[in-house]
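Thanks, everyone. Let me put the structure up, and then I'll walk through the sheet, the helices and the core.

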Amino acid sequence: MLSTAHRVRTATDFSYTVRSGARSGCRNLVLYAVGTDTDAPSRFGFIVSKNVGNAVTRNLVKRRLREAAASALVQRPEGIDVVVRALPPAASANWSDLRADFERCLASSVKRFSKGGGRKGDGK
């Protein structure tokens, strides 16, 4: 479980990350990442719509994505906001596929926004 400090919670933060973040997509998800202050804790938010499946399926997908995010916090504890949008194939994906997609997309997005130097507050 992610602590409150490591969750994207407000609609403003969600929309900023989705609109301004580096986007990376895989079969099961689309991930948006944006750099923040280097001393700010990394935060993760999840969007799992009804297109993914019923409530039980959506909650399973969210739990799996939260676990993948918790393990990503070990490598990147500070300086990044991430929003993950689950796609309908995520409902039938197994844990290892979902985690591999998450890690691949996160690495790709971090690489993209690192090249651009875009951080919150820089006007980029």
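Start with the hairpin: three residues connect S1 to S2. Strands here are DSSP E runs of at least two residues, helices are H or I runs of at least four, and both are numbered from the N terminus. A word on the source: this is a predicted model, where local features need pLDDT of at least 70, side-chain atom pairs count only at pLDDT 80 or more, and totals for chains, interfaces and linings use all residues. Residues are numbered from 1 along each chain as its sequence is written, and side-chain values use heavy atoms, with hydrogens and water left out.

Now the sheet. It is open, with four strands in the order S1-S2-S4-S3 and mixed pairing. Two strands pair if DSSP finds at least two bridges between them. S1 (22-25) and S3 (43-47) are the edge strands, each pairing on one side only. From one strand to the next, the twist averages 15°.

Look at the S1 and S2 pair. They run antiparallel, joined by four bridges, with S2 spanning residues 29-35. Serine 24 sits opposite leucine 31 of S2. Arginine 23 has tyrosine 32 in S2 as its bridge partner. On to S2 and S4. This pairing is antiparallel too, over seven bridges. Alanine 33 stands opposite valine 82 in S4.

How many residues of S2 are buried? Seven of the seven, so S2 is largely enclosed by the rest of the structure. Buried means under 20% relative accessible area, exposed means over 50%, and partly exposed is in between, using a 1.4 Å probe and protein chains only. Both faces of S2 are covered. On one side are Leu29, Leu31, Ala33 and Gly35; on the other, Val30, Tyr32 and Val34.

Next, the core. The largest nonpolar core holds 27 residues. By definition, such a core is a set of buried Ala, Val, Leu, Ile, Met, Phe, Trp, Tyr and Cys residues joined through side-chain atoms within 4.5 Å. Leu31, Phe44, Leu65 and Phe102 have the most contacts inside this core. S2, S3, H2, S4 and H3 each give two or more residues to it. Take leucine 65. Leaving aside residues up to four places away in sequence, leucine 65 touches Leu29, Phe46, Val84, Ala86, Leu98 and Phe102. Contact here means heavy atoms within 4.5 Å.

Now the aromatics. The count is one aromatic pair. Phenylalanine 44 and phenylalanine 102 form that pair, and it is tilted: 6.2 Å centre to centre, 40° between the planes. Rings of Phe, Tyr and Trp (its six-membered ring) pair if their centres lie within 6.5 Å; planes under 30 degrees apart are stacked, over 60 edge-to-face, and the rest tilted. Phenylalanine 44 is in S3 and phenylalanine 102 in H3 (residues 95-116), so to speak distant parts of the chain, 58 residues apart. Both phenylalanine 44 and phenylalanine 102 are buried.

Last stop, arginine 43. Arginine 43 lies in strand S3. Is it buried or exposed? Arginine 43 counts as buried, at 17% relative accessibility. The side chain of arginine 43 makes a polar contact with the side chain of aspartate 81, at 2.7 Å. A polar contact is a pair of N or O atoms within 3.5 Å; within protein, one must be able to donate a hydrogen and the other to accept it, and residues adjacent in sequence count only if both atoms are side-chain atoms.

Methods
Axes fitted to C-alpha atoms, helices over the stretch in contact; angles between N-to-C directions.
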